Amino acid sequence: MSRIEEALRRASQTAGELVALEEPSPGEPPPTLGRSRVEMPDVDQYCSEREPAVERPSMSAPVAVPVLDEIRHAPIAAKRSASSVNEKLILSDAVPPVAIEQYRRLAATLHQVQIERGTKIVMVASATAGEGKTLTAANLALTLSESFRSSVLLIDADLRRPTVHELFQISNASGLNDGLKADEERKLSFVEVSPRLTVLPAGPPNPDPMSGLTSDRMKRIIQEASAKFEWVVLDTPPVGFLPDANLLAEMVDMVVFVVGAGTTPSHLIQRAVKAMDRSRIVGVVLNRVAESQAAYQHYHHYYAARAVSQV
């Protein structure tokens, strides 16, 4: 049994761990679920030692690519002003510190992969709806922008049932759908929610978005975005509803697969993995696992002790 198969088997069970993402060695299959072997890096060190972004190859022929037209500002509140921040986002004080650290661990691993390979386009996927895929994508984008000081574009590509705009409390009157359905290529208007995080909403729902999501126009939008941002994070439709998931996966550098603990049948997980390029799945996020109270208390004890020692 391969490491990814073991991860997915454990993900379909009730017991498990929190976010787990390990970077495989060259030639190894994708990682197993469990505590990451990648230690939490020093964020300031990463920021100061960031390598120049690797240029991505351009299209063979020049094309009129939909580009950033204008940025509509819809700033999210500061962390300590949680009244206007969705309580599920890591900027809210309602999110436990343990959960925030797990998102930082996830972002740290992806950041390390970027340094080593120059990758920057991440697809966050799940087998079915309701597994926490959108929340994972949003908090991952926030962590990369806030903790790692990276410029991030979060694209809501779940065109049937878009929800990214609800998390950030921004307008969904126009967005990706409009650019994909237009008769002629048009410029897209993004929403800047913080100095380093920009969101491309999905726009009004589209009951049949497959032709647009797998089109050359979608590919060019992603390529253009990767040239402007250090990270591009895509929230995509559940793979079970995406017949051409492999075509969309081919447009990205890596896939983070989200599984709801104890809720998703294993055969649906296996079917979703087969629908995508397995080599692009760099890890599995096991969501909604109850962290023990002892671990939560240990976290607070550890950081409280450090705070006292530094006084």
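Reader: Which residues of strand 6 are buried on one side, and which on the other?
Author: Trp231, Val233 and Asp235 are buried on one side, and Val232 and Leu234 on the other, where buried means under 20% relative accessible area with a 1.4 Å probe, protein chains only. Strands here are DSSP runs of E with at least two residues, and helices are runs of H or I with at least four, numbered from the N terminus. This is a predicted model, in which local features need pLDDT of at least 70 and side-chain atom pairs count only at pLDDT 80 or more, while totals for chains, interfaces and linings use all residues. Residues are numbered from 1 along each chain as its sequence is written, and side-chain values use heavy atoms, leaving out hydrogens and water.
Reader: How many bridges join strand 3 to strand 6?
Author: Five, and the two strands run parallel, with Leu153 opposite Val232; two strands pair if DSSP finds at least two bridges between them. Strand 2 is also parallel to strand 6, joined by four bridges, and Val124 stands opposite Asp235.
Reader: Changing topic, what do the buried residues of helix 8 pack against?
Author: Among the partners are strand 2, strand 3, strand 4 and strand 6, together with helix 6 and helix 7. The buried residues of helix 8 include Met218, Ile221 and Ile222, as well as Arg217 and Arg220.
Reader: And what percentage of the whole protein's residues count as buried?
Author: Of its 311 residues, 50% count as buried.

Terms used:
Contact = heavy atoms within 4.5 Å.
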